[in-house]
Amino acid sequence: MNQGLLNLETSAFYVMLMAYTLCMFFYWAWMGSKKDLMGQFATYLAIVGLIANTAAIILRMIIAGRPPLSNSYEFLLTFVWGITLVHLFIEYRYKLRSLGGFVMPISFLILMFIIMSMGPEERIAQAIPPALKSKWLTFHVLTATLAYGAFAISFGLGIMYLLKMSRGADNKTNPQGVISRFPDLETIDELSYKVIGFAFPLLTLCIITGAIWANYAWGTYWSWDPKETWSLITWIIYAAYLHARLMYGWKGKRAAWMTIFGFAAVLFTFFGVNYFLPGLHSYASSQLISIV
Amino acid sequence: MKEHRDEGIVEELWKIFSSMKLGLVLLGLVALVAGLGTVFPQANLEPEKAKAVGQIWQTLGFTQIYSTIWFRLLLGLLCINLIICSIQRFQGIYRRTFGLKPPESASTVPNKMNVKLTGESESLKKSVHDVLGRNGFKVTTTESNKGWSFIGIKRRWGNWGSLISHISFVVLVIGAILGTTMGFKGFAMISAGSTIPINSINVSKGTVKQDFSVHIYSAEDRFLANGERDNWYTDIGIIENGQEITRQTISVNHPLTYKGVTFYQSSFANGARLIADIKEQKIPMVLQDRGGNYFQAPGTDLYLIVAAMKNDPQSPAILYQVYRGTGVEPVQTGQLNAGQTIDVQGEYKLTFEGSAGFTGLQIKQDPGVWVVWLGCALLLLGLMLSFYWRTMVVSGFFESGQGPDGELTMGAMAGKVAGRVQKEFDRLIHDIQAK
Ligand code: HEM
C-alpha cells in the first residue's frame, strides 16, 4: 500500500483532531469573553477541521478502494464529519454560534474515544468480508452519518434550552452572562424540532437501506439483531417525540429532555451494543452489522 | 336494548383505538419489549446461551421474545390503532386538501399570521393572483356583494404525509406476516459437483413445497491480486424434471431467484475430492475441511475425516484421520498429496484427487418481501411529504369600502414550523405590496 498516502491520512487525522479540539476551546472562550475574534477563530477552526476530516475520509477511500465503512474507526470518523457539517450549516443559517460550545465537545469526546480505545491495528484499512461489498451499504452509512449528526445537534440544542431555562431568573439580573448569547427559548425549541424533522426521514432511510442490504447478503431483511433492534428503539423514541409534540404540545422542557434521551439512544445503538451488550460475537452477521 | 349496548361497546372501542394516547403507549411498549430482547439471549441468535437462561424466563418467552404471542399482539393492536386512526382522519385531510373554501368574512381569515392591506379592488386581486400563482399556489376565488375572497394552497400533498406513513406501517406488518406464514428458510452446505433436491435441505422455518433440484457446478473462494478476498462464487444450475432450466453464478450480495426461491451465497468451506476403492467398487466423495463431514466405508466401522487442508492450487494436500467405531483416538492419520493413493486399515484404498469447494447457501422463499419493500417505499414517501413538503395555505377576504378601494385581510395557517411559514408569508405580502 502507498506509504505516502498513509502518512497523509495520518496527518489529516491529527490536523483534524487539533482543529476540533482548539475549536471547542475557542467556542467556550467566545461564550465566556464575548470577543468576536474568538468566535470567528472558533468557526474557522471548525471549517479547517471539517476540511481535514473530509481529507482523512477521502484518503481512506483511496487507500482502501471502497467507501469508509469497514470498521468502527471509519464510522466514527464519518460520524464526527456529519456532526460538524450539520453544525456549521446551522451556525451559518441561523447565526447560532453558541451551539458550537455544546456540539464540538461531542466530536471531541468521540475523537478521544478513538485515541484512547483503538489501537493502530484497529484504525488501519482492513480487508472487508464479501458481505460488506454492497452499494446499499454506502447509502446506509451516508444516511446514518447525516441523521446521527443532526441528532447530535438537537442534543446540543436541548442542553442549551435546559441551561437557559434553569438560569432564566439569573438572566435578568445578569444580562452579560454566557447564556444571554443564546437565542430565545422558543427559537431553540423550534430549531430543534426542525433538525429532528430533517433527520427522522434520514434515520428511516438508513434503517431501510440496511434492511435491503441484509436481504441481499443473507436473505433476511430483519433479524432482530441487537444493532437493528436498538436502531428501531431510537427510531421509536424520535417518533414519540414528534407525536407528543404535535398532539400534546410537548414543547420546551419536555421536548428538550426527549432530544437528550433520543441522542442517548443513538449513542447506545453505536457504543452500547458494541461494547456492553453481552455475547454478540457468536452471530456472524451481527459483527458485520455492528458498523452502524 | 341489547343492540344499543353493543353499539355502546363498539363506539367505546372505536374511541379507544382512535386515540393517539393508546398509539404512544403501544409504541413505547414495543420499544420496551424489543429492548428486553437485546438483554436476554435470543434462541435464534445464540441458542446455547438462550438454553442457559432460567426455565421460567424461557417458558415466558423471554428467549424468543420477537416471536411470542405478546409481541405479535402488541404489533397487531398498533396496526388496528393506526387503521382506525387513519379512517377517522381521512375525511378531514381530504377536506383540507381538496375542499378548501375561501373565507366568508374577514374574521374567519386565520389570525395568527395576519396582515391588512388597503388598495384598489381589481389591482389588489390581480397582484394576489399573480404573486400566489408565481409562487406555486393553487388559488380559488369567490365574489360576493361585500367584496371577494380567496384561498390558495401550495404543496398540497404534504397533508397526506402522516396518513401515508401510518398506512405504510400496516403494510410492513402485513408483509412480515406473509413472510413468516407462507415462506420457508433453510440452509445447505453443498459440495461442488453434487445435485440435491430442494426439498431435502434443512429448514429452520416453514416447509419447502417446490420440487426442483439444484446442481453445483463449482464453488470457489476467489482472491484479488492484492491478496484480499474478492468473494465466494457458486456456479449453480436449476434442474426441473431432468432438464436444466437456468444456470448462473451467484456470490455474496448477488443471489439467484427461481420460482420464488432465492439462493444466497452465505458461507464457504474448502473440501477434498476423494475416491474410496472397496472391493473393486469406486465410491467418489467430497469431504469438508476441518472434519465438517465424514465418510463411513460400507461394510466397515471405519470413519474418515479431513482434519486439515492446504488449499494451494498447484499442490493441494490434506491431513486425514481414520477412526474406528466410537473410538476417540484415530487409528490412522497421515498426509495425502494430490493423486496419491494409500491403504486404509487393509479395508479399502483411498485416493486424493484434488480440492473442491463447499458452498454454504441460505435458501429462502419469502412471498412477503415485496410487500415489505412497498411498505418501506410508502413510509419514506409519507415521511418526505410530512417533513420536506409541508403544505401551506393562505387566504384573504377583501371588503369594499367607499369607491373602488377597500381592505384586504390576509392570513396564513401557522403550521408546525411557524417561523418558516411566517417568513414565506412575509415575502408574499411584500411581493403583493410591491405590485
Ligand atoms: C408506527 C409508527 C408511526 C409513524 C412512522 C408515524 C408517523 C407520523 C408522522 C410522520 C406524522 C407527522 C408528524 C409531523 O408532521 O410532525 C404523524 C402524525 C400523527 N400521527 Fe403518527 N406515526 C406512527 C404511529 C402513530 C400512532 C400509533 C398513532 C395513533 C393512533 C398516530 C397518530 C398520529 C396523529 C393523530 C398524527 C397527527 C397528524 C397531524 O395532525 O398532522 N401515529 N405520524
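Modeller: Let's take chain A. From the N terminus on, its elements run α-α-α-α-α-α-α-α-α-α-α, which comes to 11 helices and 0 strands. (Helices are DSSP runs of H or I with at least four residues, strands are runs of E with at least two, and both are numbered from the N terminus.) Before going further: this is a predicted model, so local features need pLDDT of at least 70 and side-chain atom pairs count only at pLDDT 80 or more, while totals for chains, interfaces and linings use all residues. Residues are numbered from 1 along each chain as its sequence is written, chains are lettered from A and ligands numbered from 1 in the order in which they are written, and side-chain values use heavy atoms, with hydrogens and water left out.

Chain A has 292 residues, and 61% of them are buried (buried means under 20% relative accessible area, exposed over 50%, and partly exposed in between, with a 1.4 Å probe and protein chains only). Among its contacts with a separation of 6 or more, 79% join residues 24 or more positions apart; a contact here means heavy atoms within 4.5 Å. The chain exposes about 11800 Å², with carbon and sulfur atoms supplying 70% of that (Shrake-Rupley areas, 1.4 Å probe; for residues, only the protein chains shown count as cover).

Now for the inside. The largest nonpolar core has 131 residues, and A:Phe151, A:Leu157 and A:Phe263 touch the most other members. Helix α8 of chain A, residues 185–218, gives the most to this core, with 18 residues. (A nonpolar core is a set of buried Ala, Val, Leu, Ile, Met, Phe, Trp, Tyr and Cys residues joined through side-chain atoms within 4.5 Å.) Zoom in on A:Phe263: leaving aside neighbours within four places in sequence, A:Phe263 is in contact with A:Phe79, A:Ile106, A:Tyr148, A:Phe151, A:Ala152, A:Phe155 and A:Tyr238.

Then there's the charge. Side chains of opposite charge can pair when their charged atoms come close. A:Arg60 and A:Glu74 do this in a salt bridge, at 2.5 Å from N to O (the cut-off is a side-chain nitrogen of Lys or Arg within 4 Å of a carboxyl oxygen of Asp or Glu). A:Arg60 sits in helix α2 (residues 36–64) and A:Glu74 in helix α3 (residues 72–94), so the pair ties together parts of chain A that are 14 residues apart in sequence. Both partners are buried: A:Arg60 has a relative accessible area of 3%, and A:Glu74 has 2%. A:Glu9 joins in as well, linked with A:Arg60 and A:Glu74 in a network of salt bridges. In the loop between α2 and α3 of chain A you'll find A:Ser70, which is buried at 13% relative accessibility. The C-alpha atom of A:Ser70 is 10.0 Å from that of A:Leu137, 67 residues away along the chain.

Chain B has 9 helices and 20 strands, and 46% of its 435 residues count as buried. Its radius of gyration is 36 Å, whereas a compact globule of 435 residues would be near 22 Å (taken over C-alpha atoms; the globule rule is 2.2 Å times the number of residues to the power 0.38). The C-alpha atoms fill a box of roughly 120 × 65 × 40 Å along the principal axes. The domain assignment gives domain 1 (2–90), domain 2 (100–155 + 390–434) and domain 3 (184–365); such bounds come from an automatic or database assignment. The centres of domains 2 and 3 of chain B are 76 Å apart, taken over C-alpha atoms.

As for charge pairs in chain B, B:Arg222 bridges to B:Glu220 at 3.3 Å between the closest N and O atoms, with B:Arg222 partly exposed at 34% and B:Glu220 partly exposed at 35%. B:Lys349 and B:Asp343 also meet in a salt bridge, at 3.6 Å from N to O; B:Lys349 is partly exposed at 43%, and B:Asp343 is partly exposed at 38%.
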